[in-house]
Amino acid sequence: IVREMSERRSAESPAHRRPIEDDALGSIVQRLVTPATSPEAYTTLDLSRSGIRSLAGLAQITSRLEAICLAGNKLQGLHGLPPGLVSLRAPSNWIRFSAADPVRFSFARELPHLEEIDLSANEISDIAVFSGLRHLRTLELTRNRIHSLSGLRGCRRLAYLGLRDNIVTDFDLDAAEAPMLATLDVFNNRLRVVPASIADFTYLAKANFVKNDLEKVEVHGSPAEPLRELRLSENPLLVRKSGGVIDMTLWKTKFPGLKTLYLDICNIRQLAQSTGEGVWPSVFNLSLRGNALQPSLALDFSCLSHLKNLYAPDTQMVLPRVLPSLNNLLQLVLCNAGLTQLPSNMGAALPQLRLLDISNNLELVDLTPVLQLSSSLEVLKCRAIGFGLLSTTPHDTGNLTPVTPAIAKWTSDGVETFPDQNAANGPQPAEECAVLRRMAGLRRLKRLDFRFNRCTIELYAPPPATMSASALDSVLSPQIPSTSVMGDSGLPNVSPISGVGASAGRFDEESWIRQDQAHLASLKLTRQSRLIQRRENYWNLAAALFPRLEELDGIKVGRH
């Protein structure tokens with residue numbers, strides 16, 4: 001078929017044409033030839049996963065082609081593509097470009113009009129082959145063998161550079177060669193320093209340095225004014241030389257326009273100002289997941305008074321008794337933070353707070369400050385905290401405080417006895433309903449989660465036995481539906497941040513829902529009418545008290 005097609009093409013035109021040499025490509029082009037169309041009419045072509053090994057001759061068959069996708073083939077080179085291409089996607093091939101090649105491929109010579117290139121998951125080690133592409137805007141080279149950026153020159157319109165999972169050791173890209181660079185992604189490389197020269201990229205708005213070998217962020221020199229998002233997570237040596245301290249005085253001078261900062265798993269022990277007082281007014285989103293354990297992380301809230309989202313699960317932290325005013329804070333996530341108390345002025349300090357997640361703080365027993373958030377709070381998550389059963393004495397004024405636990409006593413004949421469970425200080429029937437009644441002022445609640453506490457433990461299926469203590473913080477995603485906890489929708493996530501994957505031990509919400517449905521069925525099968533009635537009463541009361549409620553304890557209200 002390939003030979004006949006080549007002979008027919010040669011017979012149609014006296015010009016010398018190079019025949020298609022690859023059988024897989026030849027058969028595909030043959031199928032494109034119909035009485036109504038021919039390959040020459042196509043401007044876009046998708047040849048993904050077709051087993052193609054060579055592109056020789058394709059340019060003569062598809063001279064008008066502007067965009068082509070060659071993902072998942074067996075290509076080792078790109079010779080044969082039509083020169084008018086604007087978009088080239090060929091991830092997951094065997095393409096190699098090395099400085100040691102006897103005849104070096106040049107994109108500027110072979111494909112000078114390219115604006116978009118995706119060559120992820122290949123074997124490219126020489127980034128210089130992309131030099132001179134004056135129209136190039138997007139260059140994606142994830143999972144290759146790039147070790148240096150100094151060879152990239154003459155890409156004056158380049159706006160996005162993706163170099164995830166390479167072996168770059170030094171950020172030596174000359175800003176004059178890519179002056180329009182706006183997004184830089186060097187996730188999982190071997191960089192040791194974020195250089196001060198990052199300020200030379202006058203359009204750079206987003207930079208991802210997650211999971212490198214960073215030991216230093218150079219904060220001297222000119223300020224990086226355009227930078228809006230900086231990701232430095234999973235660099236445990238980042239602040240080792242400074243004793244775990246981040247000097248916000250220097251950082252706010254270097255990054256005056258920064259809005260989003262990711263510092264997860266960096267062994268940070270303190271964020272404070274070295275001199276004077278002031279505010280870092282640009283920072284809206286701060287992520288501190290998995291930092292200091294002992295001693296607890298010290299955070300200067302007065303410098304971050306413009307925060308909108310603070311995400312710090314798995315980070316031991318002591319909140320001040322009186323919190324400075326954070327009038328713009330919308331979401332606060334402090335799961336597994338070792339909290340023993342909440343600030344007494346939460347209502348005044350956090351007037352706009354919509355989401356509060358304080359799950360898995362086993363020593364947190366007083367939730368009274370939460371009641372001050374009645375005017376704004378929409379999502380409240382209190383899984384596995386320590387307030388347990390609550391007092392329901394006639395003199396109770398609504399405080400969410402614990403009662404004295406039942407303590408075993410020994411009689412004279414050595415028999416162990418326990419206090420009467422119906423005594424005034426003992427657990428009361430339907431204590432979960434008493435919790436809801438005390439929360440009745442939170443009329444704006446849309447999502448409420450009290451699972452895995454003493455007052456609700458009998459109503460639902462238990463948490464998985466394999467779930468670690470720190471995994472409870474992600475029983476539910478820490479965000480309002482359709483809204484990122486960090487306020488940056490459209491980014492690849494991280495964890496809340498793109499780049500940091502969840503551990504295998506994380507809680508599977510859908511699996512737990514199925515487990516709870518089976519648990520409820522078993523209650524009905526064994527005729528546990530008391531527990532079933534308690535659960536129904538609990539749900540009915542929640543629906544009556546919170547008219548906007550959409551989800552209770554991880555279950556959609558309508559589904560129940």
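These notebook entries record what I looked up in a predicted model of one protein chain.

**Entry 1: the chain overall**

I began with the totals. The protein chain has 560 residues, and 49% of them count as buried. I noted 9 helices and 25 strands in its secondary structure. The exposed surface comes to about 25,300 Å², with carbon and sulfur atoms supplying 51% of it. I then turned to contacts with a separation of 6 or more, and 53% of these join residues 24 or more positions apart.

**Entry 2: two packed helices**

Two packed helices are described by the angle between their axes and the distance between the axes. I looked up helix α7 (residues 431–438) and helix α9 (residues 529–545), which pack at an angle of about 5° with their axes 9 Å apart. Angles under 35 degrees count as roughly parallel, and α7 and α9 are therefore roughly parallel to each other. On the α7 side, I found the contact to be made by Glu432, Cys433, Leu436 and Arg437. On the α9 side, Arg534, Asn537, Tyr538, Leu541, Ala542 and Leu545 take part. I recorded the residues of this contact as 6 nonpolar, 1 polar and 3 charged.

**Entry 3: salt bridges**

Side chains of opposite charge can pair when their charged atoms come close. My search of the whole structure gave 18 salt bridges.

Asp118 pairs with Arg89, their closest N and O atoms being 3.6 Å apart. Asp118 belongs to strand β4 (residues 116–118) and Arg89 to strand β3 (residues 87–89), so this bridge ties together parts 29 residues apart in sequence. Asp118 is buried at 13% relative accessible area, whereas Arg89 is partly exposed at 32%.

Glu215 forms a salt bridge with Arg192, with 2.9 Å between the closest N and O atoms. Here I found both partners in loops: Glu215 between β9 (206–208) and β10 (216–217), and Arg192 between β7 (183–185) and β8 (193–194). Glu215 has a relative accessible area of 18% and is buried; Arg192, at 46%, is partly exposed.

Asp449 and Arg383 meet through their side chains at 3.3 Å, N to O. Asp449 lies in strand β23 (residues 447–449) and Arg383 in the loop between β20 (379–381) and β21 (409–410), so the pair ties together parts that are 66 residues apart in sequence. Is Asp449 buried or exposed? I found Asp449 buried, at 1% relative accessibility. Arg383 is buried as well, at 0%.

Definitions and conventions. Residues numbered from 1 in each chain as written. Predicted model: local features only at pLDDT ≥ 70, side-chain atom pairs only at ≥ 80, totals over all residues. Heavy atoms only, no water. Axes fitted to C-alpha atoms, helices over the stretch in contact; angles between N-to-C directions. Helix = DSSP H or I, 4+ residues; strand = E, 2+ residues; numbered from the N terminus. Parallel < 35°, antiparallel > 145°, perpendicular 65-115°, else oblique. Contact = heavy atoms within 4.5 Å. Nonpolar A, V, L, I, M, F, W, Y, C, P; charged D, E, K, R; others polar. Buried < 20%, exposed > 50% of the residue type's maximum accessible area, 1.4 Å probe, protein only. Areas by Shrake-Rupley, 256 points an atom, 1.4 Å probe, with all protein chains shown as cover. Salt bridge = Lys/Arg side-chain N within 4 Å of Asp/Glu carboxyl O.
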